[in-house]
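Hello,

Here is the structure I promised to pass on. Please open it and read my notes alongside.

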Amino acid sequence: MKAIGIKAPGGPEMLELREVPAPVPGSGEVLIDVVAAGINRADVQQRRGFYPPPAGASDIPGLEVSGRIAGFGPNVAKAFSKGDKVVALLSGGGYAQQVAVSAEQVLRIPAGIDVVTAAALPEVAATVYSNLFMTAQLQAGETVLIHGGTGGIGVMAVQLAKALGATVAATSGSEEKTSTLTAFLGADIAINYREQDFVEVLRERTGGHGADVILDVVGAKYLKRNVEALAQYGRLVIIGLQGGTTAELDLGMLVSKRAAIIGTTLRARPTEEKGAIMNAVRDHVWPLVSNGKVKTLVNKTFPLAQAAQAHAYFDSSEHMGKVLLTV
């Protein structure tokens, strides 16, 4: 089959289309004919050499796909049939014509969503639901601050938090993107981080309360200011390290707020945890997608052979929503 390989750590030009052996589904796995794959920040970090796949995972990048069931390994417990339209959460292998993955990490596509667009959903839905609601325990009526509000994760997080009753603040880097946050995604507070201090804006707009939950993809660069922005008993969930890995922390401020800092990743979790997250996504997120309360925002699609161009576009940060590869 055809798949994207990484020649050496580096820029988008390091991605190349290769012929590789087709996967064979093992025990509990299904084989999927891939229709589309989502591009995520983790793929970029893997391409740069900073985020290798977990032990035993494919070295082909790609953490989410949509497609059709093509076959089964032994001992598949979920009731799938050949030809079913599905999405899958992966540890790797998505930039390819086929992928084998545990059936526990596979869901049927939500009603009303086409098979290409569906590739924009599994990784972001699983990341957002697991972190905001299963880990941070975000409640209706609380205030959440979402950094990178117009990226793939941000688009899902803003809408899902709003749909489930939270007051939503989000950051972005341009006036066009802040307009999208309020007009299209429904954010209550949109902050242009290039021109505004998100700590000050959040305090002003919340009457000094701050954020009960912060979902952060930046890391070290924002650590001090995120803690300043937290409310009493606030929870800071760090899921990305775009702004570095090391920073000083004022523990006095953290303790005085009785706050918590939580760091998580999704990719390396065991199959059982991923299966539980995907079941929660099916039960709590898919109905909101099907009834239109949570919209998918696909910014641009590229053919699989143009993965390098797709990564160059992704790296430019011009996009709002998801960038997909079609197979």
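Predicted model: local features only at pLDDT ≥ 70, side-chain atom pairs only at ≥ 80, totals over all residues.

Two packed helices are described by the angle between their axes and the distance between the axes. Find helix α2, residues 122–135, and helix α3, residues 152–163. Their axes come within 9 Å and cross at roughly 50°.

Which residues make the contact? From α2 come Glu123, Val124, Ala125, Thr127, Val128, Tyr129, Leu132 and Phe133. From α3 come Gly152, Ile153, Met156, Ala157, Leu160 and Ala161. By class, this contact has 11 nonpolar, 2 polar and 1 charged residues.

**Lysine 322**

Now go to lysine 322, in strand β15 (residues 322–326). Is lysine 322 buried or exposed? Its relative accessibility is 4%. Buried means under 20%, so lysine 322 counts as buried.

The side chain of lysine 322 has polar contacts. One, of 2.8 Å, joins it to the side chain of asparagine 40. Another, at 2.5 Å, is with the side chain of glutamate 64.

What else does lysine 322 touch, leaving out residues up to four places away in sequence? Its neighbours include Ile39, Ala120, Leu297, Val298, Asn299 and Lys300. Val124 and Gly152 are also among them. Both belong to the helix contact too, Val124 on α2 and Gly152 on α3.

Best wishes

Notes:
Residues numbered from 1 in each chain as written. Heavy atoms only, no water. Axes fitted to C-alpha atoms, helices over the stretch in contact; angles between N-to-C directions. Helix = DSSP H or I, 4+ residues; strand = E, 2+ residues; numbered from the N terminus. Contact = heavy atoms within 4.5 Å. Nonpolar A, V, L, I, M, F, W, Y, C, P; charged D, E, K, R; others polar. Buried < 20%, exposed > 50% of the residue type's maximum accessible area, 1.4 Å probe, protein only. Polar contact = N/O pair within 3.5 Å; in protein donor to acceptor, adjacent residues only side chain to side chain.
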